[in-house]
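Here is a short report on charged side-chain pairs. Look at the model, then read on.

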Amino acid sequence: MDEDKYPAPSSRRRFVKGIVGSAALGSLGVAGSGLTTVPTNRSGVGGGNVEAKVIKNTAGPAPRGMSQIPVTVEDGYLKGVWPAATDGGEVADGAAKTTLGGTTYSSKWFQYCGIQTHPKLVPDSEADNFIRADPGGRYEWEADLEPGTKLAVEMFDDYEEWGNGVGDAGLGKPAAATWRSVEPDSTLPVQVIRSPEIERLAEDDEWLAASTDQGFLAWLNKCTHLCCVPSGFKQSATVDGAENAVYCQCHQSVYDPFDVVSKVVTAFPRPES
Ligand code: FES
């Protein structure tokens, strides 16, 4: 177990909170930006449309899927891929981008819901990219993890049998986590699963082969409807289709982590620095 530690959270306040009214959201052009830190106009850098890989929304009001975060395993720990220049990426058009599995992977994928104002979305910002335990981890198995602990492959050794009484056991083991950020009031919320189904899908899919590792798949856990942090994989036994999928408790949107699709999404501009 990694010993990296971070200050205990002083509250459950998350980066960018505070849903605003639907009229204000409409003025932003894309549903799902209800954050107090969202700029009130489109000035800034790195905005525009971009083709992203998302876990598909299958029910509820979410207008699109949640953006996937490519994952690698390094020395037994989970790491999200950031398209940094040091790893073959480049900064262009106000964003970091690289080619992965035949797909152009861009930091613009994450510029929605106020996340675009996060300092770790600046293309050349430094971060170690390890995926770390969430200060408020939602799954019982995470309860003993110190916030900020690097998630290790060995924590998911039971992924082929794991279940929590919701839906079918054996589909995969989830974790609520953070990426590129550990401050309790400024996280990039992530969910990751390790699943035998992802391993199978990656055998026949160039993108999934490049963006998943040992069955691990991750996504930015920010609902594209009104920006809640979804409760996640296997968190609703009562909503049809949600028991083996990702559920957003705010307005019952459902996302399927086993159906990664390409989608043109609107990236909100980042503030000019
Ligand atoms: S915020 Fe409305 S469904 Fe998620």
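This is a predicted model: local features need pLDDT of at least 70, side-chain atom pairs count only at pLDDT 80 or more; totals for chains, interfaces and linings use all residues.

Lys108 forms a salt bridge with Asp93. The closest N and O atoms are 2.8 Å apart. Lys108 sits in the loop between strand 7 (103-106) and strand 8 (131-133). Asp93 sits in the loop between strand 5 (90-92) and strand 6 (95-100). The pair therefore ties together parts that are 15 residues apart in sequence.

Is Asp93 buried or exposed? Asp93 is exposed, at 58% relative accessible area. The cut-off for exposed is over 50%.

## Arg132 and Asp128

Arg132 also counts as buried, at 3% relative accessibility. The side chain of Arg132 meets that of Asp128 in a salt bridge. The N to O distance is 2.4 Å. Asp128 is partly exposed, with a relative accessible area of 36%.

## Lys79 and Glu74

Which residue does the side chain of Lys79 meet in a salt bridge? The partner is Glu74, at 3.0 Å from N to O. Lys79 is buried, with a relative accessible area of 18%. That value falls under the 20% cut-off, so Lys79 counts as buried. Glu74 is partly exposed, at 34%.

## The whole structure

How many salt bridges does a search of the whole structure find? The search finds 6. Among them are the pairs Lys108 with Asp93, Asp128 with Arg132, and Lys79 with Glu74. Side chains of opposite charge can pair when their charged atoms come close.

Key. Residues are numbered from 1 along each chain as its sequence is written. Side-chain values use heavy atoms; hydrogens and water are left out. A salt bridge is a side-chain nitrogen of Lys or Arg within 4 Å of a carboxyl oxygen of Asp or Glu. Buried means under 20% relative accessible area, exposed over 50%, partly exposed in between (1.4 Å probe, protein chains only). Helices (H or I, at least four residues) and strands (E, at least two) are DSSP runs, numbered from the N terminus.
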